[in-house]
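Hi everyone, thanks for coming. I have one structure to walk you through today, so let me put it on the screen.

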Amino acid sequence: MAPSTNTREPGPHTRTAAVRGIDVRYADHGSGHPVLLVHGHPFDHTLWHPQIPTLADHGYRAIAPDLRGYGHSTVVQGTTSLATFARDLCALLEHLQIPAVSVVGTSMGGQIALELYRLFPDRIDSLTLVATDPRPESPQGQERRHQMADRLAREGMQGYADEMIVGMMSADNVRTMAPTAARVHTMMCQAPPEGAAAALRGRAQRPDHLGLLRHISAPALLVVGDQDDFTPPDLTEAMHLKIADSVVARIDGAGHTPNLERTEAFDRALLSFLERVRADLRP
């Protein structure tokens, strides 16, 4: 089928780039060392709204795209692999004439960040992997993802959002942070079903990145919420043992979206790490 594009109004500091046969909407704010912010499923670049101005205020250029199939970027039906997402992001960097970036990815965005490093390691100054699972999908997980993809394409996002809001955030935070929970739920509901389904099919086939971890030479920050049931702290600690130059930031009181559930703690950890990276890159 022909590609389609979400028609919701874009936010401030957003532009559109034509890359690899699609239109990619992205926020581009600030100047200085570039930081590429990669959202997860089923969100869009506005997941990073708290971090974009904070990074800009601290002398960074924050670039936050809507991934293929999400937000205002082109929706292509079928299957979207992690490699496809990674090649889209590399093409965006080429469009912006940015040779290398610090990459921050959360959940699926962290898996895309790993794939970006696998394919284009020379373009990565550092990796921040938030709530990220580097393991391949199990056969049972593959089946579940394909079933869910078919359901989203058939029924839309509302029921999925209702079921998954607890999980994307901790149950306590859904209850006590109603405005944030409403925002997360709205993002999920507004995701284009065909794009979300294509990404789920791609993640069912995701590669095993465990072996890659030992070959990562870039500095890495591993962020996890202590109440994250999808990617629990023990998994993050296991990743830390495999990545030579890595540090762990465990965010107390956060679930699967620590940048929203505990924004101040998340930003402190990210800025501290990025300042070290920026200092090391100075001539």
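Let me start with R20, which counts as partly exposed at 42% relative accessibility; here buried means under 20% relative accessible area, exposed over 50%, and partly exposed in between, with a 1.4 Å probe and protein chains only. Before going on, a word on the source: this is a predicted model, where local features need pLDDT of at least 70, side-chain atom pairs count only at pLDDT 80 or more, and totals for chains, interfaces and linings use all residues. Residues are numbered from 1 along each chain as its sequence is written, and side-chain values use heavy atoms, with hydrogens and water left out.

Back to R20. Its phi is positive, about 50°, although R20 is not a glycine. You will find R20 in the loop between β2 (14-19) and β3 (22-29); helices (H or I, at least four residues) and strands (E, at least two) are DSSP runs, numbered from the N terminus.

As a reminder, most residues other than glycine have a negative phi, and most peptide bonds are trans. A131 is another non-glycine residue with a positive phi, near 50°. A131 sits in the loop between β8 (124-130) and α4. Is A131 buried or exposed? A131 is buried, with a relative accessible area of 2%.

There is a peptide bond to look at too. From H41 to P42 the bond is cis, with omega near -5°, and P42 belongs to the loop between β4 (33-38) and α1 (51-57).

Now to a helix. Which residues of α5 (residues 158-168) are buried? They are Y160, A161, I165, G167 and M168. Looking down the axis of α5, these buried residues fall within an arc of 165°, so they line one face of the helix; the arc is that of the directions from the helix axis to the C-beta atoms. Their cover includes α4 (139-155), α6 (171-176), α7 (178-190) and α11 (258-261), where contact means heavy atoms within 4.5 Å.

Two single residues next. T14 is in strand β2 and is buried, at 17% relative accessible area. Not counting residues up to four places away in sequence, T14 touches R25, Y26, A27 and H45.

G253 lies in the loop between β10 (246-251) and α11, and is buried with a relative accessible area of 11%. Leaving aside neighbours within four places in sequence, G253 is in contact with N173, D226, Q227 and R262. The C-alpha atoms of G253 and R268, 15 residues apart along the chain, are separated by 15 Å.

Let's zoom out. The protein chain has 12 helices and 10 strands. Its radius of gyration is 17 Å, close to the 19 Å that the globule rule gives for 283 residues, so the chain is as compact as a globular protein of that length; the radius is taken over C-alpha atoms, and the rule is 2.2 Å times the number of residues to the power 0.38. Along the principal axes, the C-alpha trace spans about 55 × 40 × 35 Å.

Of the 283 residues, 58% count as buried. Among contacts with a separation of 6 or more, 77% come from residues 24 or more positions apart.

That's my tour, so over to you for questions!
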